[in-house]
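Biologist: Can you walk me through this one? I would like to start with the overall picture and then go into details.

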Amino acid sequence: MRDVWVAGAGMIRFGRYKDRDVPDLGGEAALQALDDAGLGVKDVEFLACGSLFQANAMVGQRILQQIGQTGIPVVNVANACATGSTAFRDAWLAVASGEHDVAMAVGVEQMGKMGLLGAAGGGSGVRTEGVVGSGLMPAVFGQAGMEHMRKYGTTQAQFAKVAVKNHRHSTRNPLSQYQTEVALDDVLAARVVAYPNTLYMCCPTGDGAAAAVLVSPEKARQLGATVKVLASVLTSDPWSDRDLTFPDINTLTRDAAKRAYERAGVGPEDLDLVELHDCFATAELLHYENLGLCGDGEAGRMIDEDETTHGGRIPVNVSGGLLSKGHPLGATGVANIFEVVQHLRGRAGDRQVPDAKVGLAHVIGLGSACTINILGT
Amino acid sequence: MYVARVTETRARRPIVPFLRLPDDGRAPYLAGQRCRGCGAVALGRRLACARCASRDGFDEIPLSGRGTLWVYSIVHQSAPGIPVPYVAAIVDLPEGVAVRCNLVDVEPKPEAIRFGMPLEMTTGTSQQDRDGNDVIAFYFRPAAEGARS
């Protein structure tokens, strides 16, 4: 495998685009990424497109219908919330393997106000949701937070501080779906969605797109690309004692982190920023420990002491995170990489992490898939 | 003809395939599949063991109707048509398997729920299916005073 560089990245503001469609949104992000790289669509040799709810609709090919049909190989990827980051990894593999010199990854989703995922009633007409517990994400991530409470005495207020931090961060990100602060008391007083997560502790639904152009070392030299992919890792669930009954978001993230750090030759202490999968506030604290940003049981203290706030020891989700920036499923994984790339190139504007040299992007899709991409200059 | 239809006995069907509803008077129970290779217990059919990949098959074992609460969430907002609030729980059974279920007969408040509390299984009709059969669901509730746990 050879080194791979990110030559360009693009992202449209997350939000709601009622009058546009998925290929249109994805195409705009793709053109931004190409412009950023100084390349045209005719230079692209491979496209991986992640779009979860239109996974069977050939979105990648339809994006090329929008921006230039060159006949290149296209794959359409679906991997739950890790859809976009899996597309990024496929593009990375296409270049790392030596098969292609320029590959593009696009993540795009249009959710509108589709509401909670995995609605009730299957083909049998028998409803199990809310009768045999819950398989919906709010309850699953509520339970995951409760497990941390059970083990370490973490409090609802500590989880709520994640929402306060990420909403505050998002006020400096013009591409964030929401850009308003919310006070701790208001987070705690908001209606409960699934205890311990209240409304502000749950990510919104929305539309969005992001894209990245990955290139070979030779192309990187020609283009003056400065950001290198140090590791791109994908894991699935190993067997666990509560297998399938209680989705385990921790073990596969720990497995991915271990492999990614080994591959990249860096440790958590070397990271200048982290974009991690805060689909719910509870998840963020668990991933501090899963990614080795602190020891087991220390995540509550870490948020109490503002270590992950912009300016802190290791800033987490300075983009606003999924909680405020938004979580258009297929777009999220590429958007996290876009954010890291901006910081590593010193182009993150008001939210720039000073002298950022190494950043980590983490995504988890329930079912489960975990990606970790470590980028460095 | 009309009379025959209304007096016809409605069938009972389990809400999940691993809930057994014996028609010989025994109480309903959950069935586990125990791997002949490593002894891991799974709910529902698998082609090989998810833990050890053995293809030696499984023995069906009745799971105890008792357990302890591992974790829960109190769901206040769900998909349309689903009554809230309810307590979505993960219950550990002594056979080494966990089950997802609703926790009933408790107030849906954190103060009323304790990690590790002993629980027992109960069943009830949750709904009718498209053919008008009763769909029997299982639930867990706080174990009765003095119950084994």
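Modeller: What follows goes through the chains, their contact and a few local spots.
Modeller: Keep in mind that this is a predicted model.

Biologist: Fine. How many helices and strands does chain A have?
Modeller: Chain A has twelve helices and eleven strands. Its radius of gyration is 19 Å, close to the 21 Å that the globule rule gives for 377 residues, so chain A is as compact as a globular protein of that length. Along the principal axes, the C-alpha atoms of chain A fill a box of roughly 55 × 50 × 40 Å.

Biologist: What share of chain A is buried?
Modeller: Of its 377 residues, 62% are buried. As for contacts in chain A between residues at least 6 apart in sequence, 77% join residues at least 24 apart.

Biologist: And chain B, what is the pattern along the sequence?
Modeller: Chain B reads α-β-β-β-β-β-β-β-β-β-β, that is, one helix and ten strands. Its C-alpha atoms fill a box of roughly 55 × 45 × 35 Å along the principal axes. Buried residues come to 30% of the 149 in chain B. Among contacts in chain B with a separation of 6 or more, residues 24 or more positions apart account for 49%.

Biologist: At what angle do H5(A) and H9(A) pack?
Modeller: About 100°, with the axes 8 Å apart. The two helices are therefore roughly perpendicular to each other. From H5(A), the contact uses Gln158(A), Phe159(A), Ala160(A), Val162(A) and Ala163(A), and from H9(A) it uses Ala281(A), Thr282(A), Glu284(A) and Leu285(A). That contact has six nonpolar, two polar and one charged residues.

Biologist: Now helix H2 of chain A. Which of its residues are buried?
Modeller: In H2(A), residues 59-67, the buried ones are Val59(A), Gly60(A), Arg62(A), Ile63(A) and Leu64(A).

Biologist: What covers them?
Modeller: The cover includes helix H1 (22-37) and strands S2 (46-50), S3 (74-77) and S4 (102-110) of chain A. Just after H2(A), Gly68(A) takes a positive phi of about 140°.

Biologist: Last one, Ala212(A). Where is it, and is it buried or exposed?
Modeller: Ala212(A) sits in strand S7 (residues 207-215) of chain A. Ala212(A) counts as buried because 35 other C-beta atoms lie within 10 Å.

Biologist: What is Ala212(A) in contact with?
Modeller: Leaving aside neighbours within four places in sequence, Ala212(A) is in contact with Val6(A), Ala9(A), Ala33(A), Phe88(A), Ala105(A), Val334(A), Ile337(A) and Phe338(A). Ala212(A) and Gln32(A) are 180 residues apart in sequence, yet 9.0 Å apart in space, C-alpha to C-alpha.

Methods. Residues are numbered from 1 along each chain as its sequence is written. Chains are lettered from A and ligands numbered from 1 in the order in which they are written. This is a predicted model: local features need pLDDT of at least 70, side-chain atom pairs count only at pLDDT 80 or more; totals for chains, interfaces and linings use all residues. Helices (H or I, at least four residues) and strands (E, at least two) are DSSP runs, numbered from the N terminus. A residue is buried if 20 or more other C-beta atoms lie within 10 Å of its own, exposed if 12 or fewer, and partly exposed in between; C-beta atoms are placed from the backbone. Two residues are in contact if their C-beta atoms, placed from the backbone, lie within 7 Å. Axes are lines fitted to C-alpha atoms, for helices over the stretch in contact, and angles run from 0 to 180 degrees between N-to-C directions. Angles under 35 degrees count as roughly parallel, over 145 as roughly antiparallel, 65 to 115 as roughly perpendicular and the rest as oblique. Ala, Val, Leu, Ile, Met, Phe, Trp, Tyr, Cys and Pro count as nonpolar, Asp, Glu, Lys and Arg as charged, and the others, Gly among them, as polar. The radius of gyration is taken over C-alpha atoms; the globule rule is 2.2 Å times the number of residues to the power 0.38.
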